[in-house]
Amino acid sequence: MISLRHVGITVVDMEKMQNFYCNFLGCKVLKTMEESGEVIDNFSGIKNIQVTTTKMELPAGGVLELLKYHSPRGNDIALQNIYRKIIQVGISHYALTVKDLDSLYEKLTKEETYFFHPVQTSPDGNVKIAFCRDPEGNILELVEELK
């Protein structure tokens, strides 16, 4: 492996998710594209896919990709997994490093973001952490490095 290229998240409400990641977590939209065709059909195993993709750059580098499927109607299926538990098999969460976790926690709490617990300091004292759900239920770990 050379590096992690990007993380992709299937979304129901592109605007809401883009707002969360850009306005609160500092991502910058790189490009938005309408995609369809044989290549996407081949790797998805589904015919006639139509998807909007938005690639966003994280403040310190790296890419987060949001995907909204228009055809076939996948949103009803996507909603079935909105409240999966962190202990379920598969990707359980992803973590983002932030600068001021206490301030971000306050802002997101006012926006009614669900947090599993208030901000905590790790047992070794190296980081502050808080786990929350993004607007569509994905589990996100927010980490502030202290040392």
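## Thr113

Thr113 sits in the loop between H4 and strand E6 (120-121). Helices (H or I, at least four residues) and strands (E, at least two) are DSSP runs, numbered from the N terminus. The model is predicted: local features need pLDDT of at least 70, side-chain atom pairs count only at pLDDT 80 or more, and totals for chains, interfaces and linings use all residues. Residues are numbered from 1 along each chain as its sequence is written, and side-chain values use heavy atoms, with hydrogens and water left out.

Thr113 has a relative accessible area of 15%, so it counts as buried (under 20%; exposed is over 50%, partly exposed in between; 1.4 Å probe, protein chains only). Neighbours within four places in sequence aside, Thr113 is in contact (heavy atoms within 4.5 Å) with Phe20, Leu108, Cys132 and Arg133.

## Nonpolar core

A nonpolar core is a set of buried Ala, Val, Leu, Ile, Met, Phe, Trp, Tyr and Cys residues joined through side-chain atoms within 4.5 Å. The largest one has 24 residues. Ile9, Tyr21, Leu25, Leu140 and Leu142 have the most contacts inside it. Elements that each supply at least two residues include helix H1 (14-24), helix H4 (101-110) and strand E8 (139-145). H1 gives the most, with 5 residues.

Leu25 is in contact with Phe20, Pro59, Leu96, Val98, Leu104, Leu140 and Leu142, leaving aside neighbours within four places in sequence.

## Cysteines

A disulfide is a pair of cysteine sulfur atoms within 2.5 Å. The count by this rule is 0. The sulfur of Cys22 has its closest cysteine sulfur in Cys27, 5.7 Å away, which is too far for a bond. Cys27 is buried, at 7% relative accessible area.
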